[in-house]
Amino acid sequence: MQIYLAVTPEASQEAQAHCRNLAHVAYRIGPGSALLRQSLLLQTKGGLLSVSDRDAAFIDSPEELRDAVLRECGRRGYPGVLLDFEEPPRRDRTAFVSVLAPALSASRRALYLPERYAGAAPGGIVLLCTAVSGGSFSEYLQEAVGRAGGAGRLALDVQRLRMDFRLPARSGEGEPLTGEALEALMEREGPAVFFSQDLCARYFTYSRDGEAHFVLFDDADTLNQKLRLGAGMGFAAAFFMWPEVRDIAPRLFAPWRGNKKPP
C-alpha cells in the first residue's frame, strides 16, 4: 500500500522528511478550462498532481483541461492524479472525469477520486473516508471492498477523528474539535482514556452542565492500526493531509518507511 501526504508547496520540504510520496496540493481549475499551478518549485518531480475544484469556474472544455493535466504529469513525472473535488458532482466535472480517466489509464497513470465520481471513471481508485464514529471499522472496510469489487480499487482517505458527542447522540453527529481544543479539554478533565477495538480510535467520557459527553479521537497509534487493516485487505493507497498529522508525523510514518507493512 502506497502512503501519500497531501501537502502545499511551502510545506513540502518539511513533509518529505517523513513521507517520500507527496500529493502536491498546488493545482486548481481556472477560467477557460485552464489548469492553474501555485508556487510549485521548478525542480519538483514525482508524487501526484492534486487538483481542487474549490471556487472553480465551469469546465467548458473537459478535453483541454485533460490535456493540460497530462502535459503536467509528463513534465514532472507524476504517476497519477488525485482529484480533490469538494463540490457535489456537476455535469462539467463529471464530463472532465470521464475523459481524464481513460487517458490516464492509457498512459499507465493512476486516478484517485471521491466515491461520488466513481461512476464516471471505471478503473479509477475510489477514496474511502476513515472517520468512522459507529459500528465496526473493520466491517466498514470489508463492506466497501465488497461494493467496489476488490480492495485494489480503493484508497484510504485518512481523516484524523476528533469529535465530541453529546450523549445519547441519536443523530450520530458530534462537534468537531481542533487539536488545541482536544488538548485543552483533556487537560481540564484529566480523563481516563480507553481504546475502542471496534472503532480503532481512543475515547473518553466527561460531564458538563448535567450532560454526558463521549469524545472519540485518533492519534499516531490508532491511525497506524487503520493503515494496517487497510494494507492487510489490499487497499491500493492511503492519503493524509499534512496539517492534520504534522504534530505526530515522526511516530506515524516511521513504521512505513519503504512502504513496508509494520509488524
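Visitor: What makes Leu-5, Phe-240 and Phe-253 stand out in the largest nonpolar core?

Guide: In this predicted model, the largest nonpolar core holds 39 residues, and Leu-5, Phe-240 and Phe-253 touch the most other members. Helix H4 (residues 137-148) supplies the largest share of this core, four residues.

Visitor: Which residues does Phe-253 touch?

Guide: Leaving aside residues up to four places away in sequence, Phe-253 touches Ile-3, Leu-5, His-18, Cys-19, Phe-240 and Val-245. Each of these counts as a contact because heavy atoms lie within 4.5 Å.

Visitor: Which residues does the second, separate core include?

Guide: The second core has 27 residues, among them Ala-26, Cys-73, Tyr-78 and Val-97.

Visitor: Why is the passage of H4 by H6 called a right-handed crossing?

Guide: A crossing is right-handed if the near helix is turned clockwise from the far one by less than a right angle. The axes of H4 and helix H6 (residues 220-233) cross at roughly 35° and come within 11 Å; the crossing is right-handed.

Visitor: Which residues of H4 and H6 meet, and how many are nonpolar, polar or charged?

Guide: From H4, Phe-137, Ser-138, Leu-141 and Gln-142 meet Lys-226, Leu-229, Gly-230 and Met-233 of H6. By class, this contact has four nonpolar, three polar and one charged residues.

Visitor: How do you know whether the radius of gyration agrees with that of a compact globule?

Guide: For 263 residues, a compact globule would have a radius of gyration near 18 Å; the protein has 19 Å, which agrees. The C-alpha atoms fill a box of roughly 60 × 35 × 35 Å along the principal axes, and buried residues make up 46% of the protein.

Visitor: Where is Pro-168 found, and is the peptide bond from Leu-167 cis or trans?

Guide: Pro-168 is found in the loop between strand E9 (162-166) and strand E10 (175-176). The bond from Leu-167 to Pro-168 has omega near 15° and is cis, whereas most peptide bonds are trans.

Technical notes. Residues are numbered from 1 along each chain as its sequence is written. This is a predicted model: local features need pLDDT of at least 70, side-chain atom pairs count only at pLDDT 80 or more; totals for chains, interfaces and linings use all residues. Side-chain values use heavy atoms; hydrogens and water are left out. A nonpolar core is a set of buried Ala, Val, Leu, Ile, Met, Phe, Trp, Tyr and Cys residues joined through side-chain atoms within 4.5 Å. Buried means under 20% relative accessible area, exposed over 50%, partly exposed in between (1.4 Å probe, protein chains only). Helices (H or I, at least four residues) and strands (E, at least two) are DSSP runs, numbered from the N terminus. Axes are lines fitted to C-alpha atoms, for helices over the stretch in contact, and angles run from 0 to 180 degrees between N-to-C directions. Ala, Val, Leu, Ile, Met, Phe, Trp, Tyr, Cys and Pro count as nonpolar, Asp, Glu, Lys and Arg as charged, and the others, Gly among them, as polar. The radius of gyration is taken over C-alpha atoms; the globule rule is 2.2 Å times the number of residues to the power 0.38.
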